[in-house]
Amino acid sequence: MISPEYARSQIERLSGLKKYPKKTVAALELAKALEAAATEAAAEQYITDCVGNQRVCPTPADIRAYFRGPMTSPAVADCPRCHGTGWRSVTRKDAHGNLVDASAPCRCGTE
Ligand SMILES: [Zn+2]
């Protein structure tokens with residue numbers, strides 16, 4: 001997490017992009033989403049990428065999705081099924097009817 005002040009200062013750099021919110025409250029939502037960045041450097045890098053490579057301002061959902069990464073459900077650290085990895089092991093039948101070990105997303109972060 002980064003400070004709200006730093007997030008706001010970075011979000012202002014997006015103001016030249018299309019669809020940048022005209023209302024302050026909407027811009028603040030972008031800043032709130034950016035606060036999910038782990039470090040100020042990560043936030044700055046993301047905004048630099050946006051300004052340099054995109055024409056349209058990202059939405060709060062875009063920003064949150066970027067910093068959340070590919071894992072969509074935060075796993076529970078002491079989950080008995082996945083042990084905090086977000087993936088539990090399951091046994092599935094393959095195309096030949098043989099049982100194979102596989103992994104499946106654990107729902108512990110969403111329950
Ligand atoms: Zn789990």
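Alanine 37 touches Ile2, Ala42, Ala43, Tyr46 and Phe67, leaving out residues up to four places away in sequence; contact here means C-beta atoms, placed from the backbone, within 7 Å. The model is a predicted one, where local features need pLDDT of at least 70, side-chain atom pairs count only at pLDDT 80 or more, and totals for chains, interfaces and linings use all residues. Residues are numbered from 1 along each chain as its sequence is written.

Alanine 37 sits in the loop between helix 2 and helix 3. Helices (H or I, at least four residues) and strands (E, at least two) are DSSP runs, numbered from the N terminus. With 22 other C-beta atoms within 10 Å, alanine 37 is buried. The scale is simple: 20 or more other C-beta atoms within 10 Å of a residue's own make it buried, 12 or fewer make it exposed, and anything in between is partly exposed, with C-beta atoms placed from the backbone.

Now for helix 2 itself. Its residues are 24-34, and the buried ones are Leu30, Ala31, Ala33 and Leu34. These cover an arc of only 160° around the axis, so they are on the same side of helix 2; the arc is that of the directions from the helix axis to the C-beta atoms. On the face turned away from that buried side are the exposed residues Thr24 and Val25. The cover over the buried residues includes helix 1 (4-11), helix 3 (40-53) and helix 4 (60-68).

Leucine 30, in helix 2, counts as buried because it has 22 C-beta neighbours inside 10 Å. Beyond neighbours within four places in sequence, leucine 30 is in contact with Ile11, Pro21, Pro60 and Ile63.

Helix 2 and helix 4 pack at about 5° with axes 8 Å apart, and the two are therefore roughly parallel to each other. Glu29, Leu30, Ala33 and Leu34 of helix 2 make the contact with Pro60, Ile63 and Arg64 of helix 4. Axes are lines fitted to C-alpha atoms, for helices over the stretch in contact, and angles run from 0 to 180 degrees between N-to-C directions. Angles under 35 degrees count as roughly parallel, over 145 as roughly antiparallel, 65 to 115 as roughly perpendicular and the rest as oblique.

Here are two pairs, C-alpha to C-alpha:

| Pair | Apart in sequence | Apart in space |
|---|---|---|
| Leucine 30 and cysteine 79 | 49 residues | 32 Å |
| Alanine 37 and isoleucine 11 | 26 residues | 12 Å |

On confidence, the protein averages a pLDDT of 89, pLDDT being the predictor's confidence in each residue, from 0 to 100.

Notes: Contact = placed C-beta atoms within 7 Å.
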